[in-house]
Amino acid sequence: MIKKKNLVFLGPPGAGKGTISEALLAKEDITHISTGDIFRAEIKAQSELGKMAKDYIDKGQLVPDEVVAGMVGSRLAQDDCDKGFILDGFPRTLPQAEMLSAELEKCGRSLDGVIYFAAADEVLLERLTARVLCKKCGKVYNKIFMPPKNAEVCDDCNGEIYQRSDDSLDTAKDRLKVYHEQTSPLIEYYKKQDLLFDINSVQDKADVLADLLKVIA
Ligand SMILES: [Zn+2]
């Protein structure tokens, strides 16, 4: 059984923290909380916060931090978080982290650890730009794990291989830049509280999980 049960997972896009969450949840009975799931649940339940969130989403606007924090707080107050939780996708910024601290205090919980899944930018860029697909039949390839035999053409239909702009190097660089700008103050914030644990996420999934278990056991 793990000892640190109330966790925040942080990691840049491409670090694979989703995969590791799944692997941990298969072993440990704790609650996974993602902001996406909370949004859907609150909107479905037509709670006050859910209605507010929906208004912003319908207008194509970002849901303000206060609304997200409120929803996270009410989720954390639920009984199934007694056994421990992984909070994934929130906080992403320093103001959000401060709001989270306030929400945790309100429901009488505290964090045991903030896990940072670290990877060098060059590795992340390689992963984030790995997806390519066939123009003709739509078959999806991965340049690292499942490349087409010939980089230019589809194995199945000889169609031209191309990359979506979402997966381009420029987009990936932008995403990482934004991530680092937002997250560095957050990392300092948790370091000062002695809550931050770095995990090297550039290794086999089993080794990442083993390192994580060492930190939280
Ligand atoms: Zn094809």
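**Entry 1**

I looked up the open sheet of three strands, and its order is β6-β5-β7, with antiparallel pairing. Strands here are DSSP runs of E of at least two residues, helices are runs of H or I of at least four, and both are numbered from the N terminus. Two strands pair if DSSP finds at least two bridges between them. I noted that β6 (140-142) and β7 (161-162) are at the edges with a single partner strand each, so one side of each has no neighbour in the sheet.

Next I checked β5 (residues 131-134) against β6: they pair in the antiparallel sense over three bridges. One pair I wrote down is V132, whose bridge partner in β6 is Y141. A reminder to myself: strands of a sheet pair through backbone hydrogen bonds, either parallel or antiparallel.

**Entry 2: what I am looking at**

This is a predicted model, where local features need pLDDT of at least 70 and side-chain atom pairs count only at pLDDT 80 or more, while totals for chains, interfaces and linings use all residues. Residues are numbered from 1 along each chain as its sequence is written.

**Entry 3: α2 and α4**

I turned to helix α2 (residues 35-44) and helix α4 (residues 65-76), whose axes come within 10 Å and cross at roughly 90°. Axes are lines fitted to C-alpha atoms, for helices over the stretch in contact, and angles run from 0 to 180 degrees between N-to-C directions. α2 and α4 are therefore roughly perpendicular (under 35 degrees is roughly parallel, over 145 roughly antiparallel, 65 to 115 roughly perpendicular, the rest oblique). On the α2 side I listed T35, I38 and E42 in the contact, and on the α4 side V68, M71, V72 and R75. Contact means C-beta atoms, placed from the backbone, within 7 Å.

**Entry 4: α6 and α7**

Helix α6 (residues 121-128) packs on helix α7 (residues 169-192) at about 135°, with the axes 9 Å apart. That makes α6 and α7 oblique to each other. From α6 the contact takes D121, L124, L125 and L128, and from α7 it takes L169, A172, K173, R175 and L176.

**Entry 5: the whole chain**

Terms used
Contact = placed C-beta atoms within 7 Å.
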